[in-house]
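Subject: Structure for you to look at

Hello,

Here is the structure I promised to pass on. My notes follow below it.

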Amino acid sequence: MSAPSAAAAAASLPSPDLLSIARLVPQGSRVLDLGCGTGELLAHLIRERGCSGYGVEINDANVQACVKRGVNVIQLNLEEGLAMFADASFDVVLQIDTLQHLRNAEIMLRETARVGRMGIVAFPNFGHWPNRLAVLRGRMPVTRVLPYQWYDTPNIRVGTLQDFEALALKNRLKILDQFGLQDGKEVRWWPNARASRAVFRFQRA
């Protein structure tokens with residue numbers, strides 16, 4: 001059997017944004033990935049960073065995709081909470097493009113900090129300058145990170161880096177690191193306007 005081509009290997013890699021987030025996860029961590037989708041990020045962490053753990057996903061097709069990748073997955077509606085998991089039972093709990101879909105977003109943020117010794121959250125940054133410009137023009141933004149029209153979006157919440165800072169303070173979460181992502185590159189200068197995605201690493205204060 002021939003070795004996979006360079007193009008095939010590259011195609012199997014997570015997106016540049018996900019690779020940047022993956023670097024925040026310490027080697028060998030026990031990971032819980034909430035809203036893990038097809039298991040792409042968790043599979044990468046297991047393969048490249050020696051991690052272990054579980055994904056949590058509700059969509060049937062995504063659960064099947066996780067199984068095909070060899071990722072341990074639990075089919076669970078995150079709106080029901082994480083009562084099945086004990087305090088600090090994981091080193092890292094991920095919520096990557098999950099928070100904006102949840103009705104119980106604030107509760108799940110606290111649960112992330114309870115279940116994990118460290119939480120990592122990433123979400124579309126509505127404060128990114130193209131989004132602001134679209135609103136000034138009287139339209140809701142449609143971008144690579146926010147690709148839906150206002151009437152068919154699965155995002156029930158929008159927020160900015162500054163919004164999350166305020167939410168973390170309200171819930172007594174200690175922010176360990178924060179930055180923006182733009183095309184897979186970290187943005188640390190004025191990220192609330194210059195980055196399409198917000199990333200936070202935090203723990204219970």
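Start with strand E4, residues 90–96. Six of its seven residues are buried, so the strand is largely enclosed by the rest of the structure. Keep in mind that this is a predicted model.

E4 has partners in strands E1 and E5. Strand E1 (residues 30–34) pairs with E4 in the parallel sense, over four bridges. There, Asp 33 stands opposite Leu 94 of E4. Strand E5 (residues 116–124) also runs parallel to E4, and that pairing has six bridges. Ile 96 has Ala 122 in E5 as its bridge partner. Between E4 and E5 the chain passes through helix H5 (residues 105–115), and this β-α-β crossover is right-handed.

Next, a loop residue. Gly 138 sits in the loop between helix H6 (129–136) and helix H7 (161–170). Gly 138 is exposed, at 60% relative accessible area.

Now the whole protein. There are eight helices and eight strands. The radius of gyration is 17 Å, which agrees with the value near 17 Å for a compact globule of 205 residues. Along the principal axes, the C-alpha atoms fill a box of roughly 55 × 40 × 35 Å. Buried residues make up 47% of the 205. Of the contacts with a separation of 6 or more, 64% join residues 24 or more positions apart. The exposed surface comes to about 10,900 Å², with 54% supplied by carbon and sulfur atoms.

Best wishes

How values were computed:
Residues are numbered from 1 along each chain as its sequence is written. This is a predicted model: local features need pLDDT of at least 70, side-chain atom pairs count only at pLDDT 80 or more; totals for chains, interfaces and linings use all residues. Side-chain values use heavy atoms; hydrogens and water are left out. Buried means under 20% relative accessible area, exposed over 50%, partly exposed in between (1.4 Å probe, protein chains only). Helices (H or I, at least four residues) and strands (E, at least two) are DSSP runs, numbered from the N terminus. Two strands pair if DSSP finds at least two bridges between them. A crossover is right-handed if, with the strands pointing away from the viewer, the path from the first strand over the helix to the second runs clockwise. The radius of gyration is taken over C-alpha atoms; the globule rule is 2.2 Å times the number of residues to the power 0.38. Contact means heavy atoms within 4.5 Å. Accessible areas come from the Shrake-Rupley method with a 1.4 Å probe; for residues, only the protein chains shown count as cover.
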